[in-house]
Each structure stands twice: as structure tokens, then as C-alpha cells.
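Hi,

Here is the structure I promised to pass on.

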Amino acid sequence: MRLWRHSMVVLLLAAAAVAAQSHVVAWGAWTSITLASGQQLKVRPIVVDGRIKEYSTGAAHQVTENVWVVRRAFRINNALPQEGAKHPQWTWQLGGWLTVSSTTGRVSELSLPDFDPHASLVSWFQDYAAYCGATEDGSVHYMVVFQLGKRKPILKKELYGQSCAAPLWEKGPSRVSFEPPGGTRVSFLVHDGSAELQSSP
């Protein structure tokens, strides 16, 4: 009886260890592609457990030991209905951002509030994303700081301009700066899931 119980404990521990095993995430080789707009990019596959899940472009940002974020690139069928379903015409497009988890093995779309896939340049620090975003119709632009796991951005302040370069992060203390073209540089202190306007010295 004691031996049977010991065997059951060993089996349960072994099953728990298997369940806790992380997945293998790897990045494939770079390939040069051309977007529908004519822009040249390099993309590479995101490979999880030996299978290609998505394609990405640019550098991946490692948030934790098990989580990455990366910009998505994907192919869409550009063939007209009369051209036949048997002959797809694949064209590359830029997408939003993805989260990649080696714990779950999932590659998921990351919804960044007011992210403009054509103009927003995202700068990552820890689990914070800073960028200039816009409403869907492009009528209002914002300075945005978004923290992973939050539903709303911790900063969303109207930007008096149509775009900005990738925001600049600093640490000690954690600070992010936005500088619109021809505008004044604005900095925010970021801590404890909040962003506060930094007063001018």
C-alpha cells in the first residue's frame, strides 16, 4: 500500500513537471520583402515548438524571461474574385504588435490604444509602450503610454501635431520624453503604473 502511494506521488509530480514545462520560442532567418506600398522590409518567422506561428519585423523586446513583444508582418490575398480562388496573390502588410509567451506557447495580438499602424513608432521599456497615436479618423493625435495588462493607457494626452519620433526612455528615475516635429519636448515620470508630467527645471 505504501509503495502504491509512493508511486502515485511520483506520477503526480512527474505530470505536474510536464505541465509546467515551457514552450520553445525561436526566431527564424531574416528575409527581405516588399510591402504593397513599395517599402522594403526584413521579416522573420516566429517559431514555437518548431512550428511557424506568425511573421515579425524589427527587433523583439523581451519583457520578462518568458514574454516578448514584436511588430507583426503578414500576408494578405490581393486576388480579385474573378481571378480565381486557386491562384492567391499574396502581398505583405504591416500589422500591429504581438505578445509571444514561452509559458503558454501562444502568439497573441496586442491591442495598443489609438495605435496608428502607418505612423506610430513604439518605444518599449520594461512592460511600458510609449508612442504617438491617433483616433481612427486621424483627427486627433495623442501621446500615449500603455502598460501591459492594463485596459486603459496610463497616459493619453493630446498632441498638438500629427506625429512624433519614437519617444525616448530614461531610467533613474524612469522617464519618457515626447518631441513632436517643431514642437517642445515634453517629459513624464513613469512609476507604479502612472505617468506624471515632469515640471521644467
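Below is what turned up, starting with a disulfide and moving on to the sheet around one of its ends.

First, the ground rules: this is a predicted model, where local features need pLDDT of at least 70 and side-chain atom pairs count only at pLDDT 80 or more, while totals for chains, interfaces and linings use all residues. Residues are numbered from 1 along each chain as its sequence is written, and side-chain values use heavy atoms, with hydrogens and water left out.

There is one disulfide in the structure (a pair of cysteine sulfur atoms within 2.5 Å). It joins cysteine 132 to cysteine 164, with 1.8 Å from S to S. The two cysteines sit 32 residues apart and link distant parts of the chain: cysteine 132 is in strand 9 (residues 128-134), and cysteine 164 is in the loop between strand 11 (155-159) and strand 12 (168-170). Strands here are DSSP runs (E, at least two residues), numbered from the N terminus. The torsion about the S-S bond of cysteine 132 and cysteine 164 is about 105°, so the disulfide is right-handed. Both cysteine 132 and cysteine 164 are buried (under 20% relative accessible area, 1.4 Å probe, protein chains only).

Four strands make an open sheet in the order 8-9-10-11, with antiparallel pairing (two strands pair if DSSP finds at least two bridges between them). Strand 8 (123-125) and strand 11 are the edges, each pairing on one side only. Strand 9 and strand 10 (residues 141-147) pair over seven bridges, and cysteine 132 stands opposite methionine 143 in strand 10.

Cheers

Key: Buried means under 20% relative accessible area, exposed over 50%, partly exposed in between (1.4 Å probe, protein chains only).
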